[in-house]
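The sequence and the structure are shown first.

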Amino acid sequence: MRIDSPGSLVAEVRWAQARKRVDVRKRLDDYLNLVERQAKKRKVPFTGRIKPSEDWKDALEFSYRADRKVRGFIRQCPQCRRVVIAQVSGDRDDAVVNVANQLLDTLRDHSEDGWWTWALLGLVVRLPEQFALVKSQVMSGYLMLQFRSRYTEVSIERWGLADVTLKRWTLAEWALQATEWKRLKSQHTLSEVKQHPAVQLVGRRLAPTVWLRRRIERLLLRRPEEIRGVVWHCEPGNRIYSVRVERGTEELLQQVVQSVQCH
């Protein structure tokens with residue numbers, strides 16, 4: 001992951017999941033040797049320094065200068081086993097050390113409460129950590145994130161220009177005719193979410209093969225076959241949001257809905 005500032009400062013984070021403890025010194029040496037070889041090809045002097053971290057056991061802090069100033073760290077979390085290399089780089093006159101000290105201390109390897117925050121272009125939502133992102137979509141005025149944990153799927157969608165959309169449709173009409181719910185046999189009730197007008201929906205797949213698979217899962221795995229969802233209109237943000245949970249519980253749906261930051 002790379003984050004560019006309006007100036008020349010850049011923050012970068014690399015991470016990998018390891019099954020067992022790794023030699024972080026060897027990983028760092030390999031990384032810095034690669035940087036040094038690249039600097040030599042550009043005929044740029046390279047100087048580097050490594051020291052033990054004062055905050056993390058067995059972690060290492062490093063800094064080097066080539067064509068840019070860099071300060072960072074490498075560490076492996078003893079709990080989640082992730083190996084993380086994070087660094088801040090900048091030009092010679094940039095306050096790289098100060099920015100690195102403020103920014104890198106905020107990084108976390110894993111969730112503290114079992115929920116992860118996901119964000120895409122202002123669409124922010126939290127899900128239990130066992131859910132993995134399986135699909136995302138970015139279109140003009142539309143964002144979608146889809147997650148899966150074993151048999152349970154969660155989809156979060158956001159549409160812009162709600163004032164234009166709702167000139168032609170009521171929120172319920174639009175939810176039932178212009179979204180994924182048009183493919184389902186569903187029932188709906190009007191309600192409120194976050195003090196916004198909302199539509200609560202419950203439905204089932206219409207395709208026989210999908211229905212049969214859901215039925216088998218229902219009988220063998222004792223999982224709910226219903227698809228639950230909420231569609232609401234956030235007037236301050238001029239957006240419409242949707243959260244849909246397949247083979248999940250009503251409690252999960254409401255927790256995800258409440259985690260969405262709509263305005």
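The residues lining the largest pocket comprise nine nonpolar, five charged and three polar ones. The model is a predicted one. In total, 17 residues line this pocket, and those nearest its centre are Trp15, Arg108, Asp109, Trp116 and Thr117. Two or more lining residues come from each of E2, strand E6 (82-90) and strand E7 (115-120). E7 provides the largest share of the lining, with five residues. The volume of the largest pocket is about 650 Å³.

Strand E2, which spans residues 10-17, also holds Glu12. Beyond its neighbours within four places in sequence, Glu12 is in contact with Met1, Arg2, Ile85, Ala86, Gln87 and Ser89.

A second residue, Ile50, belongs to strand E3 (residues 47-52). With neighbours within four places in sequence again left aside, the contacts of Ile50 are Arg25, Leu28, Asp29, Leu32, Leu60, Glu61 and Phe62. Between Ile50 and Val193 the C-alpha to C-alpha distance is 52 Å, and the two are 143 residues apart in sequence.

The accessibility of the two residues is listed below.

| Residue | Relative accessible area | Class |
|---|---|---|
| Glu12 | 17% | buried |
| Ile50 | 26% | partly exposed |

Why is Glu12 classed as buried? Glu12 has a relative accessible area of 17%, and it counts as buried because that value is under 20%.

Methods. Residues numbered from 1 in each chain as written. Predicted model: local features only at pLDDT ≥ 70, side-chain atom pairs only at ≥ 80, totals over all residues. Heavy atoms only, no water. Helix = DSSP H or I, 4+ residues; strand = E, 2+ residues; numbered from the N terminus. Buried < 20%, exposed > 50% of the residue type's maximum accessible area, 1.4 Å probe, protein only. Contact = heavy atoms within 4.5 Å. 1 Å grid on protein atoms, 1.4 Å probe; cavity = no way out; pocket = protein on both sides within 12 Å on 5 of 7 lines; lining within 4 Å. Points joined across faces, edges and corners; volume = space filled by probe spheres on them. Nonpolar A, V, L, I, M, F, W, Y, C, P; charged D, E, K, R; others polar.
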